[in-house]
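Have a look at the model alongside me.

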Amino acid sequence: MRNGYAFFRGVVIAGLAAAISSAFAADAATCPDVAEPPAAVCLPTAHGLAYADTQDDARLAATALDAAAVQFGQIFGRRLPPGLLVLSATFSGDDAHRFARTHGLGFAQSWLSPADKRAQFETVMRRAMPEADAAQIERTLSQIGAQHVDMLRHELGHAQYHAAFWPEASPSADAYGTPAPDWLDEASAVLMEDSAGRAARERRFFEAWRQSSPAIRPLAEFLTMAHPVTVQQRALMQAQGGAQTASGVQVMTMRGADAGPVSMFYSQSLLFAEFLIDTSPERYILSTISAAAAGGVDFTDWLATRGAQHGLPTDIGALQTAWETWCEARSTAATDPAE
């Protein structure tokens, strides 16, 4: 089991390094000559077009676009057409999708530049947490800034997942992202983060696991639960804990107990996805499960009819047992200095 997990990480890291080294290859997408581009600077890469208002931000966007595209292929076994990433506070997500369709790009994401995101978070934090001092706010903003590329990779994971499995699906108020179960949709994004980001989520998960935290939900609940952000979103906005930018990027500030379920949902989505990858002999098991979900097959029904042929239990009870065994082994290994 541990060997399988090590192989998975090795394949991802090796493939990522090889592909990024050729990111600016001859087959890179070409920046179109248009009267009103999404932003002032465009950088073409082998995996799409990165737009931003400055050269530095465009390079940052290109780095994220390349990394996320390569990692998506490594995990889901699908290579999408080149995509689009725009860092802008005024170019909306709808604008990005229209631009992508017009120019034959496979997926699109519009997000905030580092400066815009910092300003937006600072405004929200000062409104939501008036008791916070300047040093506390600065520490938080510095942490957010350091994680910007990883956040872009995360959001590109959502965009690629949507394009790969639900290309015709429109946003729904009842779903966090795609029509997929929310854990699967979120896993598609957290798996795009860099190794340090995933390791931090894993540490938080196993700290909670060793304490038998109720924040880790039984699979019978977890696999059908709504994303905690969806549940909290309306209340947060009503409490003026969130703000919307012209680009459609929502910034929410979660405090105390509110942040715990959200953080754990992200971590459990990551770890459960890694459990499936580690347990099944099929390299692209998440792609197989996603294709079934896109075809309207409930995950429980898929387990009952297809689980065994993919090396997985055939019911949720047996899956829970296998999951707990896997988690216990990983938790032990994580605390064993010899590992």
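Predicted model: local features only at pLDDT ≥ 70, side-chain atom pairs only at ≥ 80, totals over all residues.

**Whole chain**

I began with contacts, meaning heavy atoms within 4.5 Å. In the protein chain, 67% of the contacts with a separation of 6 or more come from residues 24 or more positions apart.

Residues are numbered from 1 along each chain as its sequence is written, and side-chain values use heavy atoms, with hydrogens and water left out.

Next I looked up burial, with buried meaning under 20% relative accessible area, exposed over 50%, and partly exposed in between (1.4 Å probe, protein chains only). Of the 339 residues in the protein chain, 50% count as buried. I also noted an accessible surface of about 15,400 Å² for the protein chain, with 53% of that belonging to carbon and sulfur atoms. These areas come from the Shrake-Rupley method with a 1.4 Å probe; for residues, only the protein chains shown count as cover.

For secondary structure I took DSSP runs numbered from the N terminus: helices are H or I with at least four residues, strands are E with at least two. The protein chain has 14 helices and six strands.

**The four-stranded sheet**

In which order do the four strands of the open sheet lie? I read β1-β2-β3-β4, with mixed pairing. Here two strands pair if DSSP finds at least two bridges between them. β1 and β4 (108-111) are the edge strands, each pairing on one side only. Neighbouring strands of this sheet are turned by 15° against each other on average, direction ignored; the axes are lines fitted to C-alpha atoms.

I then followed β1 (residues 41-45), where four of the five residues are buried. A hairpin through two residues leads from β1 to β2. β1 and β2 (residues 48-52) run antiparallel, joined by five bridges, and L43 stands opposite A50 in β2. On to β3 (residues 83-87): four bridges join β2 to β3, and the two run parallel. A50 turns up again here, opposite L85 in β3.

**Helix α12**

My last stop was α12 (residues 285-294). Why is α12 largely enclosed by the rest of the structure? Because seven of its 10 residues are buried. I listed the buried ones as I285, L286, S287, I289, S290, A292 and A293. Just after α12, G296 takes a positive phi of about 90°.

Methods: Axes fitted to C-alpha atoms, helices over the stretch in contact; angles between N-to-C directions.
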